[in-house]
Amino acid sequence: MAVLGVTAACGNEDSPTPGAQPTETPTTTGTTPTATPPTPSGTPSMDCPDTIAAVKAAVDKAVWGKGTAKSAFNPVSVTICQYDPTATGQDYATVQTKRMAAQATQLFTLVNSAKPVAKKPNMCTKELGPTYVLRFTDNDRGVLSYTAEAFGCRRLVATSFEGQGKPGDLASPRQVSPELIKSLALR
C-alpha cells in the first residue's frame, strides 16, 4: 500500500499529468553580487615575516652572473618558510619548519653546492610548486635568506643578509637541484 501511495504521488510515465516538477528559483534583478575580499593565507611571524609578493620581488631583483660562487656562512639553525603554490599578493607562508645543528648545515651544503648560473633561465616549465624561503641563522644571530622555487625556472637566490657582514657579497643566483627539493620536502 505504501508503494502505491508513493507511486501515485510521484506520477508515472503513462499518466497525463506529470508528477513533481522542478521550480525556478526567483532571481533579484538590478543587484550585483558582492565578493568577499580574499584573506591572506598563512600568518605573519617573526620567523617568516614576508608576503609572497615581497619574496617574489626580492628574487626578481637578483642579478644573474653576479655574486660569489659560495656563501661563507656557518649556520646553526634554519627556518624553512613554505608558501603555497597558489599563493599571491599578501599571502604568507603556510608551513614553517625548523632544523637545528647538523640538519641546518646539511641543508646549507646543498644550497652552496648548486653551481652559479651566469644568465637568468629562459626555458621554464609551467607547473606549480611551492616557494621556500630558507632563513639560516648563525651564532651571532646573523640571518642569511635564500629563496628556492620548486617549480618553473627553479631559481635559487640569496636574497638578504641581516647582521654583522659575514658573507660579504651575496652568493650568485643558481638553480635548485633535485636533491635540495627532496630535502625541503622532508618535514
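**Reading the disulfides**

Tutor: Cys48 and Cys81 form a disulfide, with their sulfur atoms 2.0 Å apart; a disulfide is a pair of cysteine sulfur atoms within 2.5 Å. This is a predicted model, in which local features need pLDDT of at least 70 and side-chain atom pairs count only at pLDDT 80 or more, while totals for chains, interfaces and linings use all residues. Residues are numbered from 1 along each chain as its sequence is written, and side-chain values use heavy atoms, with hydrogens and water left out.

Student: Why is the disulfide of Cys48 and Cys81 left-handed?

Tutor: The torsion about the S-S bond of Cys48 and Cys81 is about -90 degrees, so the disulfide is left-handed. Cys48 lies in the loop between helix H1 (2-10) and helix H2 (52-60) and Cys81 in strand E1 (residues 77-83), so the pair ties together parts 33 residues apart in sequence. Helices (H or I, at least four residues) and strands (E, at least two) are DSSP runs, numbered from the N terminus.

Student: How many disulfides does this rule give?

Tutor: The count is 2 disulfides. Cys124 and Cys153 also form one, their sulfur atoms 1.5 Å apart. With 80 degrees about the S-S bond, this link of Cys124 and Cys153 is right-handed.

Student: Are Cys48 and Cys81 buried or exposed?

Tutor: Buried means under 20% relative accessible area, exposed over 50%, and partly exposed in between (1.4 Å probe, protein chains only). Both Cys48 and Cys81 are buried. Cys124 has 32% relative accessibility and therefore counts as partly exposed, whereas Cys153, at 15%, counts as buried.
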